[in-house]
Amino acid sequence: NSKDYELMSYGHRNPQGLYYHSDKNIIMNTEHGPKGGDEINFNFLSTKDDKNFGWPKASYGKAYPGEEKLFGPDTFKKSHKKLGFIEPHKYYDPSIGISELIFMKKNSFCENNCLWTSSLRANSLYILNIDEEFKELTSNGRIFLEGNRIRDIDYDKDLEMIILLSENTPAIITIKKIFK
């Protein structure tokens, strides 16, 4: 109503998942790369640095056949940082068809702070550990759900259950405790 706004970040290609971590003041997002280069990005809102994540100049993917001329010769440089952009915290090449993500503190699904991200193309959930400073993501496994493109993911704290929405086989899938 006030028409006031603040630009939080730019240089995103095709955002899919979004999570705001209020304690750390970080927006976490997933986005599809072109052919490869799906990304997980952390936008640290407390920093005043430029928040350009690089698209369409930087990507760890490549143009689809026939699209090379659409972007020009400077497109799809692999290093975001060398061009002055923010590097993704994690990227997947080949593409996994990344979709939603959730953050969880240590609980029955995470030995430490972690992210769970869902994928469409890979029919999987990816589990990533996060260090205390939110600087590094390390892989902590993958759960393959054959034939299930996972569109959405949520966590119910009270039931200690992860809830998934599969789109090609319309289904709601639940996962209960992993750790004790």
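## Four-stranded sheet

Two strands count as paired if DSSP finds at least two bridges between them. In this predicted model, four strands make up an open sheet in the order E5-E6-E7-E8, and their pairing is antiparallel. Strand E5 (98-104) and strand E8 (137-144) are at the edges with a single partner strand each, so one side of each has no neighbour in the sheet. On average, neighbouring strands of this sheet are turned by 20° against each other, direction ignored.

E5 and strand E6 (residues 114-119) run antiparallel and are joined by five bridges. Within this pair, Leu-115 in E6 is the residue opposite Phe-103. Strands of a sheet pair through backbone hydrogen bonds, in either the parallel or the antiparallel sense.

## Three-stranded sheet

Another open sheet has three strands in the order E9-E10-E11, again with antiparallel pairing. Its edge strands, E9 and E11, each pair on one side only. Neighbouring strands here are turned by 20° against each other on average, direction ignored.

Strand E9 (residues 150-156) pairs with strand E10 (residues 161-166) in the antiparallel sense over six bridges. The two form a hairpin with four residues between them, and in the turn Glu-160 has a positive phi of about 50°. E10 also pairs with strand E11 (residues 171-176), antiparallel and over six bridges. A hairpin is formed by E10 and E11 too, with four residues between them.

## Bridge partners across E10

Which residue in E10 is the bridge partner of Asp-152? That partner is Leu-165. Leu-165 in turn has Ile-172 as its bridge partner in E11. A further bridge involving E11 links Ile-163 to Thr-174.

In a regular strand the side chains alternate between the two faces of the sheet.

How many cavities of 30 Å³ or more does a search of the whole structure find? The search finds one. The volume of the largest cavity is about 40 Å³.

The largest cavity is lined by Gly-11, Arg-13, Glu-31, His-32, Gly-33, Pro-34, Gly-37, Glu-39, Phe-53, Trp-55, Ala-58 and Ser-59. By class, the lining of the largest cavity has four nonpolar, five polar and three charged residues. Phe-53, Trp-55, Ala-58 and Pro-34 are in the lining and count as nonpolar. Arg-13, Glu-31 and Glu-39 are also in the lining and count as charged.

Conventions
Residues numbered from 1 in each chain as written. Predicted model: local features only at pLDDT ≥ 70, side-chain atom pairs only at ≥ 80, totals over all residues. Heavy atoms only, no water. Axes fitted to C-alpha atoms, helices over the stretch in contact; angles between N-to-C directions. 1 Å grid on protein atoms, 1.4 Å probe; cavity = no way out; pocket = protein on both sides within 12 Å on 5 of 7 lines; lining within 4 Å. Points joined across faces, edges and corners; volume = space filled by probe spheres on them.
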